[in-house]
Amino acid sequence: MDDPTGRRALSGSPIPDGLDASLVFVRHGESQFIVEGRFQGQADSPLSTAGREQAALVADRLARQHESPALPIPDGPLREIVHSPLGRTTETASAIASARSQAGTDDGAADPPVVRADPGFAEIGQGVWEGLHRDQITTRYAAELAAWRHAPAESWAPGGESLQMVAQRVRSALSTALGNLAGSDVGPNDDLVAGYRVAARRDPWSLIVGHDGVFKVTMLTLFDLPLERFWMWSFELCAITVVDIRGGRPILRAHNLSGHLAPRLDGTAIAERAAREASGAL
């Protein structure tokens, strides 16, 4: 569909026709900038102590994906662990790869999964806001911040990336990841409706470790939704989201699975997360 406003992700699906596969998304663990209440964007803030613990917890869960309650991930091979090149995502991806290797999770695969960085999944660049405390941004850039919160397809951080720019690189990164999942000889699946008993799926899948902002755009791209709906999605730190692809069509199978993080969830953490989300920070 033509979109003269430019508010949609680029037209046309990046999903290969007939593809049966799954994408699993994991946001990085808590970073030091999150602890300090600073906007991150593409600034390279390392994981905090809590962030490393979160990464270890999600890594352990993904290394035990079939233990009850099993994650809604296929039994097929993990083809790739793709991550943003920023430090906080690289460290989280490395923890996941290491845990799966130590657990022998990929022993049955013909080849171990490729681990690679893709700049297309880097966080949205936030220009002059990067590194500033959210209170500083609220004071100095009140109008720009309000516009970003209410009309993200039309406004963005001074010197930062527009959502249209991000959608272009996300589309390219998705096309590569999905193309690497294509070519499987696994037969078609009919489990489009959850809750029915079906045979174990042997579809291939890939894991993408990224950021809240870029994952919002990724979902809008996969589901062909307008960029102005950017704020409809929220990705929790080290939570698990699963998108199945059946016959080339995306299905949101699970979002923000976080039971594995229960040891770290408390009232303080929930309050801090709510304050950050309300600020519009990425």
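This is a predicted model: local features need pLDDT of at least 70, side-chain atom pairs count only at pLDDT 80 or more; totals for chains, interfaces and linings use all residues.
Q: Which residues have the most contacts inside the largest nonpolar core?
A: Residues are numbered from 1 along each chain as its sequence is written, and side-chain values use heavy atoms, leaving out hydrogens and water. A nonpolar core is a set of buried (under 20% relative accessible area, 1.4 Å probe, protein chains only) Ala, Val, Leu, Ile, Met, Phe, Trp, Tyr and Cys residues joined through side-chain atoms within 4.5 Å. The largest has 41 residues, and those with the most contacts (heavy atoms within 4.5 Å) inside it are Leu 23, Phe 25, Trp 129, Leu 178, Val 217, Leu 222 and Phe 230.

Q: Which element gives the most residues to this core?
A: Helices (H or I, at least four residues) and strands (E, at least two) are DSSP runs, numbered from the N terminus. Those giving two or more residues to the core are β1 (21–27), α5 (142–150), α6 (163–181), α7 (212–222) and β5 (240–246). With 8 residues, the element that gives the most is α6.

Q: Which residues does Leu 222 touch, not counting residues up to four places away in sequence?
A: Leu 222 is one of the residues with the most contacts inside the largest core. Leaving out residues up to four places away in sequence, Leu 222 touches Ile 15, Leu 23, Phe 25, Leu 174, Leu 178, Val 243 and Pro 250.

Q: How many residues are in the second, separate core?
A: Ala 59, Ile 73, Ala 99 and Val 242 are among the members of this second core, which is separate. Its residue count is 21.

Q: What pattern of helices and strands does the protein follow along the sequence?
A: The protein has 8 helices and 6 strands. Read along the sequence, their order is β-α-α-β-α-β-α-α-α-β-α-β-β-α.

Q: Is Val 82 buried or exposed?
A: Val 82 sits in strand β2. Among the residues it touches, not counting those up to four places away in sequence, are Arg 116, Phe 121 and Leu 207. Because its relative accessible area is 0%, Val 82 is buried.

Q: Which peptide bond from Ser 68 is cis?
A: Most peptide bonds are trans. Pro 69 is in the loop between α2 and β2. With omega near -5 degrees, the cis bond runs from Ser 68 to Pro 69.

Q: What is the mean pLDDT of the protein?
A: Over residues 1–6 the pLDDT is below 50. In the protein, 84% of residues reach 70 or more, and the mean pLDDT is 89.

Key:
pLDDT is the predictor's confidence in each residue, from 0 to 100. Buried means under 20% relative accessible area, exposed over 50%, partly exposed in between (1.4 Å probe, protein chains only).
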